[in-house]
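Welcome, and please open the model in your viewer. We will go from stop to stop, selecting as we go.

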Amino acid sequence: MRITGISTHVVGTPWRNLTYVQVHTDEGITGVGETRMLGRTDALLGYLREAEANHIAGSDPFAVEDLVRRMKYGDYGRAGEIVMSGIACVEMACWDIKGKALGVPVWQLLGGKVTDKVKAYANGWYTVERTPEAFHKAAGAVVERGYRALKLDPFGTGHFELDHAETLRSLALVEAVRDAIGPETELLVEMHGRFSPATAVRLAGELERFQPSWLEEPVPPENLKALAKVAEKTRLPIATGERIHDRIEFRELFEAQAADIIQPDLGHIGGIGETRKLAATAETHYVLVAPHNVGGSVLTAASLQLAGCTPNFKILEHFNDFADAEIKKVVKGAPQVVDGYFQLSHEPGLGVELDTDAAAEFPQQQARFDLWAEGWEKRNPSGGNPSGERGA
């Protein structure tokens, strides 16, 4: 079996563009992969066009390791977010092809399952006014849908510091959410790399009474010593990793013992196999894995394949019940959350198929997501082209 080529499909919303890549073969089996880029979708598509000619076309889709190695190192320059995201889309699709050809789910090819269900946590649910009343109501609706975990960033446009008034406002939002969801539902607090170590430690102390299961990316991701400083001074578990795009770069994080949970994004770190290797390394350091998952249903399906065979897997993020829920229709067999959990798919490959006709209903947009802009949590950026669609 050989790869004959790839096709790309961008599903657009005002705040995120989802890129789907189909890998076609001479035996008629097609696989699909996905990633979500922020402000770099065209760069990704450009890279994939070059990579198709240089590395992908003519390759054996069963030889996943070899294809990843050539795409990562065969162009000599150091692979960053764009290259690793392109690799991820193609790599996922190759696993999909392999599973379909052999008639087994991908988790079966990676060692077999260790669980039948995977806990989900909701994100994208707090697209409301930044008031305790609005957050309380929205959080209650998440629990009513059966979720047993949810995440929020309550800190507005905080940057390095958070003044006293904003601290009180942010804490009031967390208090309202905890009241709405009760003591048994998991509460996850996101900081999006906003703060200095001193501010993060101060806020961690204030948050302890709400018993969050983790504190995510408390400081900017570039300085792991700063992260370790926070980890040393709080009893809350620290989670990070969505903006690390090469598993080798996690080595320093493990050595510093700066995180309790790592959050690689399968769509940015090279795909399923690369994340599986990282998860095994994390296990030797007694670190849990909870992938960043802001993509659509293909990326969710790929993350669940990893979850099914990974002993130190904790929980999986899910946006698509709350943010842009209508885009779920572009994927046939899209994973669903029932009573707070995903059930592990037993279908061959990733267990999903891209509906290209449905995808065409959501053209690429000039999507923006600015965490420093007032009202970012509503995920409805304004300005520019009123329709949000790209010009011709």
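What volume does the second largest cavity have? The answer is about 40 Å³. A cavity here is a set of points, on a 1 Å grid over the protein atoms alone, where a 1.4 Å probe fits but cannot get out, and lining residues have an atom within 4 Å of a point. Grid points are joined across faces, edges and corners, and a volume is the space filled by probe spheres set on the points.

Before moving on, a word on the model: it is predicted, so local features need pLDDT of at least 70 and side-chain atom pairs count only at pLDDT 80 or more, while totals for chains, interfaces and linings use all residues. Residues are numbered from 1 along each chain as its sequence is written, and side-chain values use heavy atoms, with hydrogens and water left out.

**Stop 1: the cavities**

Select Glu217, Val219, Pro220, Pro221, Asn223, Leu224, Leu227 and Thr240 to see the lining of the second largest cavity. That lining divides into five nonpolar, two polar and one charged. (Ala, Val, Leu, Ile, Met, Phe, Trp, Tyr, Cys and Pro count as nonpolar, Asp, Glu, Lys and Arg as charged, and the others, Gly among them, as polar.)

Now select Val64, Glu65, Val68, Glu91, Trp95, Gly273, Glu274 and Lys277, which line the largest cavity. Helix H2 (64–73), helix H3 (81–102) and helix H10 (272–284) are the elements that give two or more residues to this lining; helices are DSSP runs of H or I with at least four residues, strands are E runs of at least two, and both are numbered from the N terminus. The largest cavity holds about 50 Å³ of space, and its lining has three nonpolar, one polar and four charged residues.

**Stop 2: the largest pocket**

Select Arg36, Leu38, Glu242, Arg243 and Leu371, which lie nearest the centre of the largest pocket among its 28 lining residues. A pocket is an open set of points with protein on both sides within 12 Å along at least five of seven lines. This one holds about 550 Å³ of space, and its lining counts ten nonpolar, six polar and twelve charged residues.

**Stop 3: a hairpin**

Next, show strand E1 (residues 3–12) and strand E2 (residues 17–25). They run antiparallel, joined by nine bridges; strands pair if DSSP finds at least two bridges between them. Four residues lie between the two strands of this hairpin. Pick Ile6 and you will find Val23 of E2 opposite.

**Stop 4: rings and charges**

Rings of Phe, Tyr and Trp (its six-membered ring) pair if their centres lie within 6.5 Å, with planes under 30 degrees apart counted as stacked, over 60 as edge-to-face and the rest as tilted. The count comes to eleven aromatic pairs. Select Tyr121 and Trp214: their ring centres are 5.6 Å apart and their planes at 85 degrees, so the pair is edge-to-face. Tyr121 is in strand E4 (residues 117–122) and Trp214 in strand E7 (residues 214–216), 93 residues apart.

Then select Trp15, Trp125, Tyr126, Phe135, Phe319, Phe369 and Trp376, which form one aromatic cluster. A charge sits over a ring if NZ of Lys or CZ of Arg is within 6 Å of the ring centre and within 35 degrees of the ring normal. Finish at Lys117, over the face of Tyr341 at 4.4 Å from the ring centre.

Conventions:
Buried < 20%, exposed > 50% of the residue type's maximum accessible area, 1.4 Å probe, protein only.
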